[in-house]
Amino acid sequence: MEMKGFDERWRKWIKGCLSSVSFSIIINGKDRNHFSSSRGLRQGDPISPFLFILAADAMSRRILRGVENESFRPLEVGSPSLSLSHLQFADDTLIFGVFDIQSWANLVNIIRDFCKDSGLKVNIEKNSLVGINCVVEESESLAASLGCQKLDWPITYLGLPLGDNPRSKSFWDPVLFKVAKRLAGWKRGFLSKGGKLTLIQSVLSALPTYFMSIFKMPIGVADEMEKIMKCFFWEGFDN
């Protein structure tokens with residue numbers, strides 16, 4: 001924060017927020033004694049996302065510095081070519097690159113130095129390596145050197161399947177399953193036509209929106225979803 005230009009008073013305020021947190025555990029319905037935290041914010045503290053952005057920005061700058069000094073090569077995509085080294089979304093960081101043993105070791109050192117300086121810790125078990133047009137043995141060796149898991153395509157990221165064919169019906173099976181699961185919990189005997197129509201418009205129609213924000217839904221899948229909704233509206237839906 002000092003390097004980013006925050007004055008001393010602001011830094012003291014933030015330090016006070018981080019060092020004054022206390023917690024209590026409810027055991028058998030009774031509130032036990034409070035204990036202090038060495039660092040961290042209270043759950044739900046509105047300042048938490050802003051502090052995380054500062055930390056994530058420090059990680060981003062380290063990766064960019066590694067690209068500048070040629071510690072590792074970013075991935076070249078598109079035409080004209082675009083250098084893609086990393087993407088950050090909320091608390092997720094995706095790192096792209098052309099890695100050999102040395103460049104992978106350089107990246108691991110960048111991550112470890114960031115953890116050492118920031119006081120944060122990377123959960124290796126939640127990290128994974130996915131190879132793109134590379135030898136399986138090489139990607140397995142790199143993953144083993146860090147201790148993370150190695151995944152194969154297609155993968156699921158943020159609830160979306162990646163690397164699969166969005167034109168196939170099986171790609172949209174998770175959406176159809178969510179619709180069917182939601183309908184199975186609604187008892188037609190307790191719903192009027194107006195209630196069914198409201199649920200269809202406000203809930204069912206919104207379920208595929210997340211998928212459709214990135215992928216184009218095939219006509220056959222759209223017809224099947226419409227058929228399910230019509231069946232629920234006119235006759236109900238039973239498993």
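User: Which residues of helix H5 are buried?

Analyst: In this predicted model, the buried residues of H5 are Val-175, Leu-176, Val-179 and Leu-183.

User: What covers the buried residues of H5?

Analyst: The covering elements include helix H7 (209–212) and helix H8.

User: How many residues does H5 have, and what distance does the helix reach?

Analyst: H5 has twelve residues, and from its first C-alpha to its last it reaches 16 Å. That is close to the 16 Å expected at 1.5 Å a residue.

User: Which members of the largest nonpolar core touch the most other members?

Analyst: A nonpolar core is read by asking which buried residues are joined through their side chains. Here the largest core has 18 residues, and those touching the most other members are Trp-172, Val-179, Leu-183, Ile-200, Leu-204, Phe-211 and Met-225. Helix H5 (173–184) and helix H8 (219–234) each supply at least two residues of this core. H8 gives the most, with six residues. There is also a second, separate core of 14 residues, which includes Met-59, Cys-115, Leu-129 and Ala-143.

User: Which residues are in contact with Trp-172, leaving aside its neighbours within four places in sequence?

Analyst: With those neighbours set aside, Trp-172 is in contact with Pro-166, Phe-211, Met-212, Phe-215, Lys-216, Met-217, Pro-218 and Val-221.

User: How many aromatic pairs does a search of the whole structure find?

Analyst: The search finds eight aromatic pairs. Each pair can be described by the distance between ring centres and the angle between the planes. Trp-10 and Trp-13 form an edge-to-face pair, 6.2 Å centre to centre, with 70 degrees between the planes. Both residues lie in helix H1, three residues apart, about one turn of the helix. Trp-10 counts as partly exposed because its relative accessibility is 33%. Trp-172 and Phe-211 form a tilted pair, 5.6 Å centre to centre, with 50 degrees between the planes.

User: Where in the chain do Trp-172 and Phe-211 lie?

Analyst: Trp-172 is in the loop between strand S12 (160–162) and H5, while Phe-211 is in helix H7, and the two are 39 residues apart. This pair thus links distant parts of the chain. Both Trp-172 and Phe-211 are buried. Together with Phe-171 and Phe-215, they form one aromatic cluster.

User: Where is Met-1 placed?

Analyst: Met-1 is in the segment before helix H1 (8–19). Met-1 counts as partly exposed, because its relative accessibility is 32%.

Definitions and conventions
Residues are numbered from 1 along each chain as its sequence is written. This is a predicted model: local features need pLDDT of at least 70, side-chain atom pairs count only at pLDDT 80 or more; totals for chains, interfaces and linings use all residues. Side-chain values use heavy atoms; hydrogens and water are left out. A nonpolar core is a set of buried Ala, Val, Leu, Ile, Met, Phe, Trp, Tyr and Cys residues joined through side-chain atoms within 4.5 Å. Buried means under 20% relative accessible area, exposed over 50%, partly exposed in between (1.4 Å probe, protein chains only). Helices (H or I, at least four residues) and strands (E, at least two) are DSSP runs, numbered from the N terminus. Contact means heavy atoms within 4.5 Å. The expected span of a helix is 1.5 Å times one less than its number of residues. Rings of Phe, Tyr and Trp (its six-membered ring) pair if their centres lie within 6.5 Å; planes under 30 degrees apart count as stacked, over 60 as edge-to-face and the rest as tilted.
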